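The following account leads the reader through a single protein model. Please keep the sequence and the coordinates in view while reading.

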Amino acid sequence: MAEYRAKQQKEWQARKDAQARDKLFGQPTAGRVDGQEVEPFSAAKLEKNADELVKAKETAAPPTTKTLLKTAAITTAISAPFSTMGLFIAGSANEALKPIINPPPVYASTQSVEEGRIVDHIQRNVFEVVHTLNKLRDEEPVPISVKWLMLDNDTRLDALGAMLDYAEVEFAKEARKHNISFQPAFTGADEDDIKPRAIAMETRMAALSALMGSLKSKIETNPG
């Protein structure tokens, strides 16, 4: 017992020292769930943990209605349909529609195309996180609108970051309900470029993915 207590004391002190260092120097840290540092982010693991958590919740407390919520499909191609309403003004309808039917070419840079793919990847995973939270609470999923799809990469990533801010706070509440210690990842100062911002968001989602796994175990053990 003395050896066990000494080990626990050592681990506790190491965590406190790390937290003090991070606060002083603002160094990034991985998230922790039940005192354990989480594994690197995996989209497949997030999807698995999210699916198993929702199934455990529904098994423990089946929804009162059978209109099971499904994760909204996240399109990977940024293509917004155009409405023709309002185009039939004085003059020729053909002339009004011509720019839409046969628009001038838009030349996207290699960088913008690559960044678009990165944001699409982050978007799928962030919506997975948020929709899992919604399912956990029997709430409606967050819809994706045409206006959303027309946003540029930077604006979308800003919005996804705000969604993660919300998810971290709300999942922390779920963790407390089940007596799970949860420390979100801290990724340091905000970056300007899309790539480092995306990597930082994956680090944050790794902690949420690990928390989903712990929540699933707790719900299965204590369904009430």
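Which residue in strand 2 is the bridge partner of Val33? The partner is Gln36. The structure is a predicted model, in which local features need pLDDT of at least 70 and side-chain atom pairs count only at pLDDT 80 or more, while totals for chains, interfaces and linings use all residues. Residues are numbered from 1 along each chain as its sequence is written, and side-chain values use heavy atoms, with hydrogens and water left out.

The bridge between Val33 and Gln36 belongs to the pairing of strand 1 (residues 32-33) with strand 2, which is antiparallel and runs over two bridges. Strands (E, at least two residues) and helices (H or I, at least four) are DSSP runs numbered from the N terminus, and two strands pair if DSSP finds at least two bridges between them. Strands of a sheet pair through backbone hydrogen bonds, either parallel or antiparallel. Here, three strands make up an open sheet in the order 2-1-3, with antiparallel pairing. Strand 2 (36-37) and strand 3 (182-183) are at the edges and have a single partner strand each, so one side of each is left without a neighbour in the sheet.

Two loop residues deserve attention for their backbone angles. Most residues other than glycine have a negative phi. Asp34, in the loop between strand 1 and strand 2, has a positive phi near 55°. Asp34 counts as partly exposed because its relative accessibility is 40%, the classes being buried under 20% relative accessible area, exposed over 50% and partly exposed in between (1.4 Å probe, protein chains only). Asn179 also is not a glycine and has a positive phi of about 55°. Asn179 is found in the loop between helix 6 and strand 3, and its relative accessibility of 66% makes it exposed.

Helix 6 holds Tyr166, a partly exposed residue with a relative accessible area of 40%. Leaving aside residues up to four places away in sequence, Tyr166 touches Leu133 and Arg137, where contact means heavy atoms within 4.5 Å. Tyr166 and Val130 are separated by 36 residues in sequence, and their C-alpha atoms are 8.7 Å apart in space.

Glu174 is also placed in helix 6, and is buried, with a relative accessible area of 5%. With residues up to four places away in sequence again not counted, Glu174 touches Leu133, Leu136, Arg137 and Leu215. Its side chain forms a salt bridge with Lys177, the closest N and O atoms lying 3.2 Å apart; a salt bridge is a side-chain nitrogen of Lys or Arg within 4 Å of a carboxyl oxygen of Asp or Glu. Both residues lie in helix 6, three residues apart, which is about one turn of the helix. Whereas Glu174 is buried, Lys177 is exposed at 59% relative accessibility. Salt bridges that share partners join Arg137, Glu170, Lys173, Glu174 and Lys177 into one network.

By this rule the count comes to 16 salt bridges. One of them joins the side chains of Arg197 and Asp154, at 3.0 Å from N to O. This pair links distant parts of the chain, with Arg197 in helix 7 and Asp154 in helix 6, 43 residues apart. Arg197 is buried, at 14% relative accessible area, and Asp154 is partly exposed, at 38%. Another salt bridge, between Lys216 and Glu220, has its closest N and O atoms 3.7 Å apart. Lys216 and Glu220 both lie in helix 7, four residues apart, about one turn of the helix.

Arg197 leads on to the largest pocket. The volume of the largest pocket is about 350 Å³. Of the 16 residues lining it, Asp190, Glu191, Arg197, Met201 and Arg204 are the closest to its centre. A pocket here is an open set of points on a 1 Å grid over the protein atoms alone, where a 1.4 Å probe fits, with protein on both sides within 12 Å along at least five of seven lines; lining residues have an atom within 4 Å of a point. Grid points are joined across faces, edges and corners, and the volume is the space filled by probe spheres set on the points. Helix 6 (153-177) and helix 7 (194-221) each supply at least two residues of the lining. By class, the lining comprises seven nonpolar, three polar and six charged residues, with Ala, Val, Leu, Ile, Met, Phe, Trp, Tyr, Cys and Pro counted as nonpolar, Asp, Glu, Lys and Arg as charged, and the others, Gly among them, as polar.
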